[in-house]
Amino acid sequence: YVDSFFWRIWHLDRELIVPSYLDVLVTPNLQHVLHSLSLLAVTVELLLVDWKRPKTKFWHHVILSVYLVLYMLVVIETRVSGGIWPYPFLADFLDSHTARLLYLVSYVVEHYFFFHLQWIIIEYRWTQKENSKLKS
């Protein structure tokens, strides 16, 4: 989620996520290391590691939900205590109750979308391998 969200915002207007004056601290090349290589690593892991689907995803959902709430609390606390949003796009985007609700819903829906997408990819990848072994 983070990698795809970061690059979508970056390509719309990079100033909304990482203002150019921060290039001194975090160069565009480092942004690629942080947001492209991690996506590559996750993709390689999905394709190379034979994960088994858990009997229940209940605890996975609990952990993801706790993470989402804690991260959003950190973002809000940063705004409340420091007076600024940690990401510039939030200042413009979260100026109305409707925009806040839309952001929160998309934040949750996208996380769960990618959570379930990983299991679809894993099942497809490893079912194909098992099917090819059975045909041999």
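Please keep in mind throughout that the structure is a predicted model.

I begin with the domains. The assignment divides the protein chain into domain 1, residues 1-49, and domain 2, residues 52-135. Their C-alpha centres are 16 Å apart.

How many residues of each domain are in contact with the other? From domain 1 there are 12, and from domain 2 there are 14. The size of an interface is often expressed as the accessible area that is lost when the parts come together. Here, about 1,200 Å² is buried between the two domains, and carbon and sulfur atoms give 69% of that area. On the domain 1 side, Y1, L16 and L46 supply 52% of the area buried against domain 2, more than any other three residues.

The count of salt bridges between the domains is 1. As for charged side chains, R8 and E110 form a salt bridge, with a distance of 2.6 Å from N to O.

I turn now to the surface. A nonpolar patch is formed by L30, V33, L34, L37, L40, V44, L47, L48, V49 and W51, which together have about 860 Å² of accessible area. Which helices each supply at least two residues of this patch? They are α2, residues 28-35, and α3, residues 37-48. The helix α3 gives the most, with 5 residues.

V49 lies in the loop between α3 and α4, the latter spanning residues 58-82. Because its relative accessible area is 36%, V49 counts as partly exposed.

Thank you for your attention.

Notes
Residues are numbered from 1 along each chain as its sequence is written. This is a predicted model: local features need pLDDT of at least 70, side-chain atom pairs count only at pLDDT 80 or more; totals for chains, interfaces and linings use all residues. Side-chain values use heavy atoms; hydrogens and water are left out. Patches are made of residues with over 30% relative accessible area and no salt bridge: like charges are joined within 9 Å, nonpolar side chains (Val, Leu, Ile, Met, Phe, Trp, Tyr) within 5 Å. Accessible areas come from the Shrake-Rupley method with a 1.4 Å probe; for residues, only the protein chains shown count as cover. A salt bridge is a side-chain nitrogen of Lys or Arg within 4 Å of a carboxyl oxygen of Asp or Glu. Helices (H or I, at least four residues) and strands (E, at least two) are DSSP runs, numbered from the N terminus. Buried means under 20% relative accessible area, exposed over 50%, partly exposed in between (1.4 Å probe, protein chains only). Domain bounds come from an automatic or database domain assignment. Contact means heavy atoms within 4.5 Å. Buried area is the accessible area (1.4 Å probe) that two parts lose on being put together, summed over both.
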